[in-house]
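Reader: I have a structure open here and would like to go through some of its packing. Could you take me through it?

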Amino acid sequence: MIMASSLIAPTSTSFFQSKKDIGLSPSSSRHRCHKPASRRICCSIAAPHQAQRQPSTTGSVKTAMTMTEKIFARASEKSYLSPGDNVWVNVDVLMTHDVCGPGSIGIFKREFGENAKVWDREKIVIIPDHYIFTSDERANRNVDILRDFCNEQNIKYFYDIKDLSNFKANPDYKGVCHVALAQEGHCRPGEVLLGTDSHTCTAGAFGQFATGIGNTDAGFVLGAGKLLLKVPPTLRFVMDGEMPPYLLAKDLILQTIGEISVAGATYKSMEFVGSTIESLNMEERMTLCNMAVEAGGKNGIVPADNTTFKYLEGRTSVPYEPVYSDLQASFLSEYRFDVSKLEPLVAKPHSPDNRALARECKDVKIDRVYIGSCTGGKTEDFLAVAKVFLAAGKKVKVPTFLVPATQKVWMDLYSIPVPGSGGKTCSQIFEEAGCDTPASPSCGACLGGPKDTYARLNEPQVCVSTTNRNFPGRMGHKEGEIYLASPYTAAASALTGFVTDPREFLQ
């Protein structure tokens, strides 16, 4: 194994001359390694140092595989696969929603026939969530197309909504697909989950292969139940150290993306391991895997453990079998982080890899704060926001919009006591802080949407958001400026009206 410290090219920048813990400072130069002929690279980002793996010398080592490779092998009924192999993969779950569902259905009908039946009505999950609470007729029509198809095909898992004036009147309606998939038990270790949404990689938190696909591929899967996929090589991210009380998983993934860039994991699997990862709850692991695609990743994945199994209790009766990377598995690169030394981060406009320390942006005046989406609209995210508001005891200085990911999250805001609050719920703390009332659960303004979408950026404003993308026009107005941040940092910023390091309130 070749350590990166011996592979770094000479540089004239003062950073490499003065810094030894490469990768700890978001303002650092990007760490690059020369690629040795063996394609085995270990980028030593930070302490603690762990023993190197033994070289592959024995016969059994030749069949060692990573988690993702094992899942592909099982799903393609092969005994062994390696990166670059193209195989037909049997799909365990296919998910689509109101934006891509109609197109996928159209392709299915065109290619398989108007009267064709889907390959398995119990393995298809259809979740309206993107453009729901709007008067836009085309958006409403999309949901109608989904409903007609589900009735025609007798789809078992269709989470419908009919009454847009009151989401609570729709018991089947869930909300954001990636969070609903987990809550409803559709995410299981060792399986293959495909979805017509790039953030389908969220489900990798459960130790499964999950990735986004296009409408054409989804149309084929609807009829055939399989898809031709190329086995991706794996990047391994080892995160160790005690998680500081002012950091969240959003900081970890912003650090990672900032380190390797938005193209650094293009068509690669991103495997997250280490003591820090093991300490994260399921929703935090989902945040981590959710933004793998922002680094170009084919999928993000976390090994299943007791935390995973406990979450799944009572959510699924489908048997599953976890897989784990072999000790001698080959990783394209390995990055190590000492999480105890990290600081709260933001991604400045207009890219998720435009990493900066939150404290370095303290002079950036903001117009609003948005808490929501598949990345930052889960129950744990809102509890984090409430924790900051509770510690500060102040009111927000800018409009603060709250969009729960799902109906269950919305109910949690009104029922779960916030630790240390004397029994107050998130909703009570948010009201006392002067936030907007929690909105109807959906994707909301994360991706702009129709102009009447709640909290959409209809003016060129500056927004701190717990969402996942900050490209021009992402939340609406093309001149809007979006700072991606953790729920802690977003809450702190709401209290000051500037981008703010949450340590101002949490220490």
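This is a predicted model: local features need pLDDT of at least 70, side-chain atom pairs count only at pLDDT 80 or more; totals for chains, interfaces and linings use all residues.

Reader: Which residues of helix 3 and helix 6 meet?

Author: Among them are Ile105, Ile107 and Phe108 in helix 3, and Ala218, Phe220 and Leu222 in helix 6. By class, this contact has eight nonpolar, six polar and no charged residues.

Reader: Turning to the open sheet, what is its strand order?

Author: The six strands run in the order 13-12-17-16-14-15, with mixed pairing. Strand 13 (355-357) and strand 15 (400-403) are the edge strands, each pairing on one side only.

Reader: How do strand 12 and strand 17 pair?

Author: Strand 12 (residues 345-347) and strand 17 (residues 481-485) are antiparallel, over two bridges. Val346 stands opposite Ala485 in strand 17.

Reader: Which strands of the sheet does helix 7 touch?

Author: Helix 7 (residues 249-260) packs on the sheet against strand 12, strand 13, strand 16 (462-465) and strand 17. The direction of helix 7 makes about 55° with that of strand 12.

Reader: A last topic: is Phe337 buried or exposed?

Author: Phe337, in strand 11 (residues 333-338), counts as buried because its relative accessibility is 2%, and buried means under 20%.

Key:
Residues are numbered from 1 along each chain as its sequence is written. Side-chain values use heavy atoms; hydrogens and water are left out. Contact means heavy atoms within 4.5 Å. Helices (H or I, at least four residues) and strands (E, at least two) are DSSP runs, numbered from the N terminus. Ala, Val, Leu, Ile, Met, Phe, Trp, Tyr, Cys and Pro count as nonpolar, Asp, Glu, Lys and Arg as charged, and the others, Gly among them, as polar. Buried means under 20% relative accessible area, exposed over 50%, partly exposed in between (1.4 Å probe, protein chains only). Two strands pair if DSSP finds at least two bridges between them. Axes are lines fitted to C-alpha atoms, for helices over the stretch in contact, and angles run from 0 to 180 degrees between N-to-C directions.
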